[in-house]
Amino acid sequence: MGAFVGMNNLKSTNKTVATSLTIGGVIIAVMMIFGILMLLAQGGVIDVPDAMFYQFLTIHGTGMIGAAALAAAGVMWYFLNQYVELSRSIFNWFLGLVIIGVILVVIGVFSFEFAGAWTFLYPLPTISASAWGTIGALLYLFGMLILGTGFLLLYMDTGRAIIKKYGSLGKGLGWDVISGKKKEEDAPPKAVVASTMVTIVNTTAILAGAAVLIMNIINVINPSFTFDPMLAKNLTYAFGHIFANAIIYMAVIVVYELLPKYTNRKWVVNRVFLIAWTMSTAFTLVIYTHHMLMDFAMPKWMLIMGQALSYANGLPVLVVTAYGALMIVHKSGIKWDMGSGLAFLSMFGWTVGVVPAIVDATIVVNHVMHNTKWVPGHFHMYMGLGAVVMLFSFMYYLAKVDSTVKESKIDRIALWCYALAMISISVQFLVSGALSTPRRWAIHYPGWMTPAVFGAIAGVFLVIATTIFIIHFVRYMKNRGKLGSDKYEQKTA
Amino acid sequence: MRKPLYIGALLYLILIIPPIRSYMESIMIIHMLIQLPLLMVVGWFLGKYIVYKAPKVFHAINENGVPGMILIVAITMYWMLPRTLDEALTLPQYEVFKFISLPLVGLLLADSWAKIRDVGQIFIYLNYLSMFALMGWLYLDSPIQLCNNYLITQQKTLGWGFIFITASMIVYVLQYVFIDRRRIEE
């Protein structure tokens with residue numbers, strides 16, 4: 001009876017997680033279409049009114065970050081739940097609040113023409129030059145606030161559960177192992193270490209975001225209430241940078257959990273691994289200042305810190321993860337399939353994706369490249385080829401262990417199609433950046449157009465590949481648990 | 001069990017003594033960050049007694065603590081607005097409302113806090129943390145005098161008071177999440 005109940009719980013847990021993945025995946029695919037439309041408009045192929053271009057820009061940024069975070073949270077929750085006791089009702093609340101937030105944002109952007117970008121940088125939501133009104137701005141800002149509340153609830157639950165099992169968040173990061181009080185064999189699992197890191201940084205980010213969102217709301221309602229714009233910008237990026245950055249730290253758990261299963265090897269947690277994660281926890285919290293290298297009023301030490309620690313943040317977790325992934329796969333006789341292939345591809349994407357970021361975080365380079373398309377080049381590569389690929393990897397993994405849906409040749413073609421398309425899109429942004437093409441401009445000079453058109457064409461293939469991934473996952477959702485859930489996982493464990 | 005009742009009643013009496021009341025209300029930071037919380041403390045002590053005496057009533061109207069917390073958040077948010085402080089000094093009915101609503105907050109808190117359990121408590125705590133930071137920022141950064149009764153310097157002092165509370169709350173959170181209490185209990 002106990003086992004039966006356990007299986008029921010597992011099935012419904014998988015359903016909840018799969019729902020977040022499905023919503024996230026579908027939104028990501030739709031957002032890609034907006035991306036293509038923007039590139040086509042910049043390439044002079046189609047005519048999109050300027051105001052509409054900025055609406056597309058706003059929904060594309062908000063939707064991509066929100067959807068990837070939603071799906072990544074599902075991945076984190078799925079694996080963390082295997083080690084600590086999480087609340088499913090809180091995950092449902094999280095899902096509900098995120099959906100409400102998304103609806104408000106969509107209405108704000110498309111019905112009330114809010115186009116202040118996902119960074120909603122103060123005082124832009126208020127001072128729109130009549131491009132949008134109070135209602136649009138309020139719907140967007142309240143939508144983001146509700147979305148953030150949903151995530152805050154989730155992280156409170158993960159934090160609570162980790163503290164309950166391990167004693168403190170420090171122990172969740174393995175500080176007692178680092179200090180030598182505990183043996184390496186007793187270190188917390190990788191999923192717990194990563195989840196603890198994300199809980200710490202994202203709770204901080206969301207609280208900063210909540211304060212600046214409410215300030216913006218007050219300013220929208222009563223524009224005579226003005227605030228220090230530099231403090232507002234600091235809080236905005238403390239929220240935006242950390243929140244976006246944390247997506248990959250949630251999603252990477254799938255790599256940690258999958259590759260040992262596929263290779264039948266142990267991926268041990270050692271002191272170096274734990275120190276790397278602690279360093280990334282600290283650095284992730286403070287490196288957002290690399291977004292402000294052009295703000296002359298910022299204290300100099302913060303900018304130097306932004307550069308130095310951005311260099312440092314790119315390395316610890318990435319190095320231990322990429323090196324660990326290579327070591328575990330090397331001569332393991334791994335049987336490649338969609339799950340493992342995508343997980344490995346994501347390591348490549350993450351590794352190459354941080355390089356343009358580190359280049360741009362260099363103050364002298366930033367003087368030239370700041371707000372050029374070099375920046376989207378970095379984050380499309382890092383997110384599109386790293387974080388989002390991890391999410392698709394998890395989708396295939398879940399479909400494999402929880403259903404009888406088989407992968408086909410089309411799926412494998414889609415993997416290569418996705419990889420090549422995403423590389424093409426990223427490279428066209430980087431080339432545009434090198435040509436000094438400004439980012440966030442609706443209209444391009446003729447000399448800037450070719451890479452944009454190339455990116456749009458690649459984008460079509462990207463959407464096709466993503467749709468194939470999602471169709472596979474939807475097929476899994478329909479066949480979920482028919483032959484008993486997670487049988488395969490139990491066999492391979 | 002009557003002890004909380006006596007403490008609450010005595011504190012309430014002290015707070016309504018006219019010289020004490022008017023002195024506390026003459027300085028903005030004392031008004032907002034001492035008098036108002038003390039009124040809630042009054043309610044907390046009275047609540048301990050009342051909830052003990054009438055548990056069935058509270059079980060019926062505030063079973064899981066959520067209705068109570070919603071009311072608490074609404075009333076405290078109301079009293080954090082600059083305008084309400086002004087009105088409490090200008091209009092007697094607002095002053096009376098203050099001396100009724102804030103003890104009610106304390107009373108509801110005494111009943112609701114344990115009922116909303118850990119996740120609810122953390123949520124409320126973090127909610128107030130960001131709200132206090134926001135209020136601090138608002139009072140410090142406002143380019144205009146917000147109240148007729150208090151000068152801009154008093155307003156800024158209050159802002160720093162909120163920032164101090166926020167910083168203290170952050171320190172509390174950090175020790176709460178990074179110190180393993182299980183070992184201490186052992």
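Two residues are in contact if their C-beta atoms, placed from the backbone, lie within 7 Å. By that rule, 18 residues of chain B touch 23 residues of chain A. This is a predicted model, in which local features need pLDDT of at least 70, side-chain atom pairs count only at pLDDT 80 or more, and totals for chains, interfaces and linings use all residues. Residues are numbered from 1 along each chain as its sequence is written, while chains are lettered from A and ligands numbered from 1 in the order in which they are written.

Confidence comes next. The model scores ipTM 0.81 and pTM 0.89. pLDDT is the predictor's confidence in each residue, from 0 to 100. Its mean for chain B is 91, and 98% of the residues of chain B reach 70 or more.

Return to the interface. On the side of chain B that touches chain A, α8 (117-141) and α9 of chain B each supply at least two residues. Helices here are DSSP runs (H or I, at least four residues) and strands are too (E, at least two), numbered from the N terminus. α8(B) gives the largest share of that side, 11 residues. By class, the side of chain B that touches chain A holds 12 nonpolar, two polar and four charged residues. Ala, Val, Leu, Ile, Met, Phe, Trp, Tyr, Cys and Pro count as nonpolar, Asp, Glu, Lys and Arg as charged, and the others, Gly among them, as polar.

Now look inside chain B. Helix α3 (residues 28-53) packs against helix α9 (residues 152-178) at an angle of about 30°, with their axes 8 Å apart. Axes are lines fitted to C-alpha atoms, for helices over the stretch in contact, and angles run from 0 to 180 degrees between N-to-C directions. α3(B) is therefore roughly parallel to α9(B) (angles under 35 degrees count as such). M28(B), I29(B), M32(B) and L33(B) of α3(B) meet Q154(B), Q155(B), T157(B), L158(B) and G161(B) of α9(B). This contact has five nonpolar, four polar and no charged residues.

Chain A has 18 helices and zero strands. Its C-alpha trace spans about 65 × 50 × 40 Å along its principal axes. Of the contacts in chain A between residues at least 6 apart in sequence, 84% join residues at least 24 apart.

Finally, take one residue of chain A. S89(A) lies in helix α3 (residues 88-111) of chain A. Is S89(A) buried or exposed? S89(A) is exposed, because 10 other C-beta atoms lie within 10 Å (12 or fewer count as exposed, 20 or more as buried, and in between as partly exposed, with C-beta atoms placed from the backbone).

Key. Parallel < 35°, antiparallel > 145°, perpendicular 65-115°, else oblique.
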